[in-house]
Amino acid sequence: MHAIHVATLPQFGDILRSLTVDSMPAFHPMLLRLWTSLGWVEQDAGLRFLGLLVAISTLVVVWIGARSLGVGVPLLTLVLFDLHRVVLQTAGSLKPYGVGIVFLYLVFAGLWRVASAPGAGAILWTGTVAILAVNTVYQNAPFLVALCLAAATARVVVRDWAGVRRVFVVALMAAASLLPYAGVIVKSQDWRPLNQPDNTVGQFVTRLADIFADWSRALLVVWILSCAVAVFGAVRALRRRGLGDREPLLYAALAAIGAVFLFVGFFRAAARDVGPWHAASLIGLTTLCLDLVLVKSLTLRSLRFGLAVAAAAVMLPSSSQWVGVRQTNVDLLATYLQNAARPGDAIVVTPWFLGVTFNHYYRGQVPWMTIPPIADLYTHRYDLVKIQMMAAEPLTPVYHVIGLALESGHRVWLVGGLQFSKPGEVPVPLPPAPAAPSGWRDTPYYDSWSHQAGHFVQSHADQLGVVQIQAGQPVWLAEDIVLMMAEGWRRAEGSR
């Protein structure tokens with residue numbers, strides 16, 4: 001819900017100022033602001049309809065890109081991309097990645113048209129789409145670099161220097177549009193160390209491979225076979241002289257290789273870990289490149305159908321189950337607490353970022369807070385989290401609220417649950433950041449805060465249990481949030 005909250009800030013200037021505490025450029029919030037201004041009776045229904053339109057648009061641009069590049073039916077893309085569980089989750093969500101994929105596909109097709117045929121209209125169209133692509137998702141910038149280098153190299157091979165110049169005109173248009181974000185990126189460096197991973201390049205690549213394969217060995221085999229066949233076909237075709245389709249094949253092969261390397265380099269340079277939603281656009285670009293390479297490698301066209309069938313056989317069982325999965329159950333918890341929580345109760349949400357979604361849905365009268373206490377839960381305020389990480393005792397207000405509710409005979413509702421201690425175990429708080437061994441990384445502090453608060457509840461509550469709330473359908477594991485309830489009071493020895 002962070003994206004919709006940013007989009008609906010009171011003033012347009014507020015959106016621009018929020019970019020310093022966000023990880024997305026300005027276009028997607030502006031799109032959401034325009035969409036919500038249409039006056040939907042049910043805002044959530046309107047947003048779901050927008051997500052459906054974006055998801056359908058990804059299918060449409062796949063066909064447009066494939067047809068314009070001479071692929072025909074993009075078999076591998078329709079299976080490896082459109083049936084991928086990560087894509088099903090990402091394409092229609094409120095995050096900007098689905099829209100970013102749409103623009104990226106249009107750039108992929110448009111750049112080859114710019115490179116291979118003169119015309120101001122093609123340059124203007126592709127340049128505009130490229131600007132929208134990089135202003136929707138920052139990670140589209142390295143993809144654009146990969147595509148431009150691939151298209152330019154393909155034209156260098158045939159000594160088409162005018163085509164090379166046209167490609168770089170598009171690249172300069174997109175690069176110029178990112179210049180206003182220089183100050184935003186500099187200011188955001190104050191809180192970005194909180195999200196920095198501690199994994200190596202090898203671990204990063206392994207995780208990326210797991211995402212591509214959807215953590216399935218069978219699908220990993222399909223990916224490896226597809227890439228191996230494409231490499232063999234590309235090398236064989238490029239060695240044949242006089243092949244008319246050599247340039248678009250070279251463009252696709254170089255684009256896929258460059259996209260992978262620049263994607264990894266971009267995330268490592270930005271000190272960010274890769275999430276499944278980040279990889280969706282790379283999956284889409286890679287699959288369309290595979291389709292193009294195999295179609296242009298004339299003797300391997302039949303293998304493309306076999307690979308698509310194998311991929312479908314592996315992916316359909318899990319993909320069909322994923323279609324009916326809820327993205328979150330926080331809305332159900334918020335609705336339940338609106339009716340169940342009574343004056344004097346306490347509601348505590350952990351980790352703090354769940355509070356952004358809870359804030360969107362909760363309309364009850366009982367006050368609530370997060371662990372650690374964050375003053376602004378309209379958007380993801382990592383700058384405020386950093387302040388709490390530097391505090392000596394950030395959980396003191398949490399202990400006060402929980403203790404007051406329990407001691408007065410009321411209940412404490414724990415959205416997200418807590419980590420509880422083993423018998424005889426007493427959690428040791430981390431020192432104020434960055435003095436902890438983990439430095440500025442936020443995850444160890446979330447674990448520490450949850451463990452400390454859990455020990456406090458264990459020490460003082462007479463009863464503690466899980467509240468069962470049925471969703472009626474499967475819920476995405478990352479946001480299948482538990483609700484617990486504690487009540488009763490006992491003054492434990494050495495309690496705070």
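Contact here means heavy atoms within 4.5 Å. The model is predicted, so local features need pLDDT of at least 70 and side-chain atom pairs count only at pLDDT 80 or more, while totals for chains, interfaces and linings use all residues. Residues are numbered from 1 along each chain as its sequence is written, and side-chain values use heavy atoms, with hydrogens and water left out.

Start with Gln 338. Setting aside residues up to four places away in sequence, Gln 338 touches Tyr 361, Tyr 362, Arg 363 and Gly 364. Gln 338 is partly exposed, at a relative accessible area of 30%. Buried means under 20%, exposed over 50%, and partly exposed in between, with a 1.4 Å probe and protein chains only. Ala 312 is 26 residues from Gln 338 in sequence, yet the two C-alpha atoms are 44 Å apart in space.

Gln 338 lies in helix 17. Helices (H or I, at least four residues) and strands (E, at least two) are DSSP runs, numbered from the N terminus. Axes are lines fitted to C-alpha atoms, for helices over the stretch in contact, and angles run from 0 to 180 degrees between N-to-C directions.

Two strands pair if DSSP finds at least two bridges between them. Strand 4 pairs with strand 5 (residues 483–487) over 5 bridges, in the antiparallel sense. Within strand 5, Met 485 stands opposite Gly 465.

Helix 13 (residues 217–238) and helix 15 (residues 276–296) pack at about 45 degrees, their axes 9 Å apart. The two helices are therefore oblique to each other. Angles under 35 degrees count as roughly parallel, over 145 as roughly antiparallel, 65 to 115 as roughly perpendicular and the rest as oblique. From helix 13, residues including Trp 223, Val 229 and Ala 234 take part in the contact, and from helix 15, Ile 283, Leu 290 and Leu 294 are among them.
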